[in-house]
Amino acid sequence: METLLQQILNGLVVGSVYALVALGYTMVYGILGLINFAHGEVLMIGALSALTTITSLMGVAPDLPPLLLLAAGLLVAIPTCMTVAFLMERLAYRRLRGAPRLAPLITAIGVSFLLQTLAMIFWGRNYHTFPQLISTTPLQPIDGVFISPVQISIILVSALLMFALVTLVNRTRLGRAMRATAENHRVASLMGVDVNRIIALTFVLGAALAAVAGVMFASNYGIAHYAMGFMPGLKAFTAAVLGGIGNLAGAMLGGIVLGLVEAVGAGYIEDFTFGFLNSSYQDIFAFVILGAVLIFRPTGLLGERVSDRA
Amino acid sequence: MKKSLLALAALGLGISFAYAEDMVVKIGSVAPLTGSISHLGKDNENGALLAIEDANAKGIKIGGKSVKFELMGEDDQADPRTGTTVAQRLMDAEVKGVVGHLNSGTTIPASRIYHQAGVPMVSPSATNPKLTQQGYEGIFRTIANDIQQGSVVGNFAVKGLSGGKVAIIDDRTAYGQGLADETEKAVKAAGGEIVAREFTTDKSTDFMAILTKIKATNPDVIMFGGMDAQGGPMLKQIKQLGIGAKFVTGDGGCSPEFIKLAGDAMSANAFCTMAGVPLDKMPGGKDFNARFEKRFGTGVQIYAPYAYDATMAIINAMVAADSVDPEDYLPELKKVSFEGVTGNISFDDKGDIEEGAVTVYQYKDGKWDAM
């Protein structure tokens with residue numbers, strides 16, 4: 001029983017990060033129909049720029065309280081990622097807006113390589129130790145089930161940010177403009193919406209979430225590396241598709257479901273298949289679920305609710 | 001801008017004029033220079049580069065001509081397919097010998113290409129037994145293989161740590177899996193029990209799910225076959241889940257990087273094994289590390305001394321044969337015997353290093369300490 005609870009908890013933590021990153025994929029897809037493969041790299045830049053900030057601050061003022069250091073890291077990481085995303089949209093994607101779908105897709109893969117290589121040049125090849133400013137000492141809320149403060153804060157912060165984003169999209173003027181742009185660029189611009197600005201804002205918003213996700217990811221595992229964005233990026237993209245790409249609630253649900261499926265899958269796949277498959281199939285297990293969902297619901301779990309596309 | 005380009009070009013010409021009389025001999029080096037273990041890849045390349053520079057400084061003459069060795073460094077991205085592509089590129093560039101690759105998974109498929117081209121290859125770090133079991137002439141390694149290492153790991157887990165119940169994780173690479181399989185055999189042979197056999201990948205950072213599963217089996221020892229980039233965070237997560245088992249990993253985890261990444265999860269319960277002897281107990285280890293640090297501004301990670309010896313083995317064989325032609329110097333490479341940085345370098349009839357010693361290390365006072 002403790003094992004199952006622990007697995008669910010593991011899945012929730014991983015799933016929260018997936019969900020946060022998946023939102024960035026899904027928002028951009030909702031508005032442009034573009035799969036921004038460079039989004040995982042934004043997460044990496046968030047983590048590494050926070051790392052640089054935190055370590056240099058620690059060098060100057062070693063007595064600063066850890067939470068303040070973390071806040072400073074975030075305060076640098078978020079604008080950095082926003083700038084990167086803004087430039088990415090302005091320089092790479094905007095020119096290709098009318099082009100066939102394949103062109104921006106390939107461009108996105110190119111941008112992803114470019115950002116990784118730049119980060120490799122700037123931060124080097126070595127793994128960096130990311131200072132774990134929130135405690136990783138495990139607590140035992142239930143006997144035999146462990147969760148650390150950093151994991152609790154990942155779940156809480158993700159939930160909070162997702163709630164804030166949904167409120168922004170559904171309740172504010174800006175959100176309405178985003179929804180209008182997602183429905184139809186032309187009509188939206190006829191209604192007085194500055195479409196270019198809204199698209200840029202969508203990228204920037206997604207990047208801010210990815211920056212936070214990157215810092216949380218690095219704080220949890222205590223490492224940062226120029227190639228660290230690839231795996232979570234891929235998983236978050238999968239989560240966005242699982243939930244129904246273009247759909248905000250779907251991205252969140254998809255992230256959490258994917259995290260849970262992975263954790264429970266890795267833990268129990270051997271029992272499910274009577275020892276025939278083992279944990280080397282944990283990724284395949286997740287993708288089989290994705291395949292099954294897409295066969296029965298081609299638009300993803302929540303795909304048909306086009307009304308809150310953003 | 002233009003002027004400086006011109007100056008550069010002139011400089012380049014100057015250099016090539018200066019060596020116009022010399023014979024240029026290209027030696028290839030292949031290792032992952034990008035991707036998650038590129039820090040180890042660069043380490044290997046630098047080891048080979050240092051050997052090349054030392055050989056050039058000696059002013060070696062072969063066949064009456066003075067020789068200038070040149071290192072052609074390639075990036076295989078730790079990917080078997082890229083590995084064969086760059087292997088072919090090296091053969092097209094007519095390199096005379098190859099130092100590499102780093103990973104067993106890339107070395108094994110690439111070795112076939114070198115074998116077909118008749119160019120000798122010496123790997124400083126590929127430890128999978130299969131590499132030298134293919135019956136290819138001209139394939140060597142300067143590091144002990146996983147059969148030797150795995151039996152030490154397994155024996156140590158059961159007898160040294162009195163761990164009757166052992167859980168094994170590997171990263172599904174040729175190296176990690178090979179080491180884990182050999183460890184499993186050795187554990188069973190020593191009378192231990194394998195309570196869990198779990199798997200991850202060489203790109204993962206989250207191991208909570210498989211560790212939670214392992215925790216339920218209550219092991220005495222957890223063994224990981226894989227590299228430091230996964231092993232370090234794994235040890236951290238073992239602590240986070242409140243697992244009290246001891247941790248053993250192979251040479252891929254025996255690095256300063258591992259200690260950095262595992263952070264405060266490091267304790268006297270962490271062990272690693274490594275083919276060969278520790279850097280400070282290598283005959284030329286201390287001196288090598290100092291020179292390496294001076295030249296590249298960073299200390300040795302793991303395999304640089306082995307890459308250095310691999311390069312030197314090739315160069316020594318060329319000198320002994322008085323020829324840089326692979327066909328001529330291969331027989332000399334087979335019977336090479338010299339005192340390298342890592343110890344005596346000589347190969348058995350399969351191409352494995354003779355006297356491939358394996359050392360067990362325990363974490364102590366901020367570093368891996370040889371037991």
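Predicted model: local features only at pLDDT ≥ 70, side-chain atom pairs only at ≥ 80, totals over all residues.
In chain B, strand 5 (residues 121-123) and strand 6 run parallel and are joined by 3 bridges, and within this pairing B:Val122 stands opposite B:Phe140 of strand 6.

The open sheet in question has 6 strands of chain B, arranged in the order 2-3-1-4-5-6 with mixed pairing. At its edges stand strand 2 (61-62) and strand 6 (139-141) of chain B, each of which has a single partner strand, so that one side of each is left without a neighbour in the sheet. Helix 2 (residues 38-58) of chain B packs on this sheet, where it touches strand 1 (23-31), strand 3 (65-75) and strand 4 (97-100) of chain B. The direction of helix 2 of chain B makes about 175° with that of strand 3 of chain B.

Another set of pairings in chain B involves strand 14 (residues 358-364), which pairs with strand 11 (residues 270-275) in the antiparallel sense over 5 bridges. In this pairing B:Thr273 has B:Val360, in strand 14 of chain B, as its bridge partner. Strand 14 of chain B also pairs with strand 15 (residues 367-370) of chain B, again in the antiparallel sense, over 4 bridges, and here the bridge partner of B:Tyr361 is B:Ala370 in strand 15 of chain B. Strands 14 and 15 of chain B form a hairpin with 2 residues between the strands, and in this hairpin B:Asp365 takes a positive phi near 50°.

Taken as a whole, chain B has 12 helices and 15 strands. Its radius of gyration is 21 Å, close to the 21 Å that the globule rule gives for 371 residues, so chain B is as compact as a globular protein of that length. Along the principal axes, the C-alpha atoms of chain B fill a box of roughly 70 × 50 × 35 Å. Of its 371 residues, 58% count as buried, and among the contacts in chain B with a separation of 6 or more, 70% are accounted for by residues 24 or more positions apart.

Chain B is divided into domain 1, which takes in 15-144 + 282-345, and domain 2, which covers 146-275. The C-alpha centres of these two domains of chain B lie 30 Å apart, and the contact between them takes 14 residues from domain 1 and 18 residues from domain 2. On the side of domain 1 of chain B that touches domain 2, helix 4 (residues 104-117) of chain B provides the largest share, with 3 residues. By class, this side of domain 1 of chain B has 6 nonpolar and 8 polar residues, and no charged residues.

What remains is the contact between the chains, in which 27 residues of chain A meet 28 residues of chain B. On the side of chain A that touches chain B, helix 1 (2-32) and helix 10 (248-272) of chain A each supply at least two residues, and helix 1 of chain A gives the most, with 5 residues. The classes on this side of chain A come to 11 nonpolar, 14 polar and 2 charged residues.

Key. Residues numbered from 1 in each chain as written. Chains lettered and ligands numbered in written order. Domains from an automatic or database assignment. Contact = placed C-beta atoms within 7 Å. Nonpolar A, V, L, I, M, F, W, Y, C, P; charged D, E, K, R; others polar. Rg over C-alpha atoms; globule rule 2.2 N^0.38 Å. Buried ≥ 20, exposed ≤ 12 C-beta atoms within 10 Å, placed from the backbone. Pairing = 2+ DSSP bridges. Axes fitted to C-alpha atoms, helices over the stretch in contact; angles between N-to-C directions.
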